[in-house]
Amino acid sequence: MKRDLYETLGVGKTADEKELKGAFRKLAMKYHPDKNPGDAEAEKTFKDISHAYETLKDPQKRAAYDRYGHAAFENGGMGAGGAGFGSAGAGGFSDIFEDIFGEMMGGGRQRRSSGGRERGADLRYNMEISLEEAYSGKTAQIRVPTSITCDVCTGSGAKPGTKPQTCATCQGSGRVRAAQGFFSIERTCPTCHGRGQTITDPCAKCHGQGRVTEERSLSVNIPAGIEDGTRIRLSGEGEAGLRGGPAGDLYIFLSVKPHEFYQRDGADLYCSVPISMTTAALGGKFDVATLDGTKSRVSVPEGTQAGKQFRLKGKGMPVLRSSQVGDLYIQIQIETPQKLTKRQRELLREFEELSSKDNNPESAGFFSRMKDFFDIE
Ligand SMILES: [Zn+2]
Ligand SMILES: [Zn+2]
């Protein structure tokens, strides 16, 4: 049987935030494992009070607890969305602990790093390529400004011939313990800033940083068929780590420039082609240039309508890492002639007089069909 959370903390159901905090603080001081080494009972009590405090300090969790009791946090209670519920395990301690004693510790959470080794930052490089380049793929040479390990001191930060010294303040651990009331609080060593070492004779090239900023030339393989918005990760090509830490990654963010004539949809390409009214009526031929550097002939039959699509098989984009290729769709637009001469107008009028319903089956019957449909005069 689980104890009531309010009882655990020794407060009433109406306790406010301040009361909760005060009660937890008092109990935490008494039962903290640092004060009771090897006492399993104290450790359990500490876990219980930590859990009680963590639950009750959160208004949402508290409301759920008030309503449903412990059942609120059992499986199926609040579901997966309630991550972080349940008993505060070993990992849960430090969070609440820093939450409540944070002000005492003089700062938030600090990333612990052994011997000051730090992973280098990831870098982002934006690259824009043409549709033609996306079609054929390419090897791009890029210049990346980045921090690399200093070659003079090989990353130690110490002048060649000298060595970094073990930090006297923390004896090389990078952390110091300071007494705060009943507790001893661990914090980053102020002398070496967590490195565990101090450099008395810094390297002249990197000024003791162990890395220098340089422009590197990198060759990046852009595979054929790559899509706009693709992210290419080059592992370990990011910023060098600090003091022997691993390098970060380089991310190439790729965008494909809009093309003058072709629109892309996955592996397929679309090209809108305007033809004259007479070509559409009489039929004709035209050539389109395709991305493979050749041209393709399109035959337009007599009586071609606007919006008609012609498919050029295999003239689209290659599919990434496969032998498949998309198609190219030619979409027909019909251009109505403008700025007619007197003679052209006469010819068109004469043409109209000679026209029958069979010439324009769609438009001829359209309005009478619409009238019938809506039953209007
Ligand atoms: Zn150096
Ligand atoms: Zn130190």
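Author: Four donors count as tetrahedral if all angles lie between 85 and 135 degrees. The model here is predicted.

Reader: What is the geometry at the site of the zinc ion (ligand 1)?

Author: The angles among its 4 donor atoms run from 104 to 117°, so by that cut-off the site is tetrahedral. The donors are the SG atoms of Cys150, Cys153, Cys203 and Cys206, 2.3 Å from the zinc ion (ligand 1). Their spacing in sequence is C-x2-C-x49-C-x2-C.

Reader: Are cysteine 150 and cysteine 153 buried or exposed?

Author: Both cysteine 150 and cysteine 153 are buried.

Reader: Which residues are the protein donors of the zinc ion (ligand 2)?

Author: Cys167, Cys170, Cys189 and Cys192 each give SG, lying 2.3 Å from the zinc ion (ligand 2). Along the chain these donors follow C-x2-C-x18-C-x2-C. The site is tetrahedral, with angles of 102 to 117°. Cysteine 167 and cysteine 170 are buried.

Reader: How many aromatic pairs are there?

Author: A pair of rings is described by the distance of the centres and the angle of the planes. The count here is 4 aromatic pairs. One of them joins tyrosine 270 and tyrosine 329: the centres are 5.1 Å apart and the planes at 15°, so the pair is stacked. Tyrosine 270 is in strand S11 and tyrosine 329 in strand S15, 59 residues apart, and the pair thus links distant parts of the chain. Tyrosine 329 is buried, at 16% relative accessible area.

Reader: Why is the pair of phenylalanine 366 and phenylalanine 367 edge-to-face?

Author: Because the planes of these two rings stand at 90°, with the centres 5.1 Å apart. Phenylalanine 366 is partly exposed at 37%, and phenylalanine 367 is exposed at 57%.

Notes: Residues numbered from 1 in each chain as written. Chains lettered and ligands numbered in written order. Predicted model: local features only at pLDDT ≥ 70, side-chain atom pairs only at ≥ 80, totals over all residues. Heavy atoms only, no water. Donors = N, O, S within 2.8 Å, 3.2 Å for Na, K, Ca; no water. Tetrahedral: all angles 85-135°; square planar, octahedral: opposite > 155°, others 65-115°. Buried < 20%, exposed > 50% of the residue type's maximum accessible area, 1.4 Å probe, protein only. Phe/Tyr/Trp six-rings, centres within 6.5 Å; stacked < 30°, edge-to-face > 60°. Helix = DSSP H or I, 4+ residues; strand = E, 2+ residues; numbered from the N terminus.
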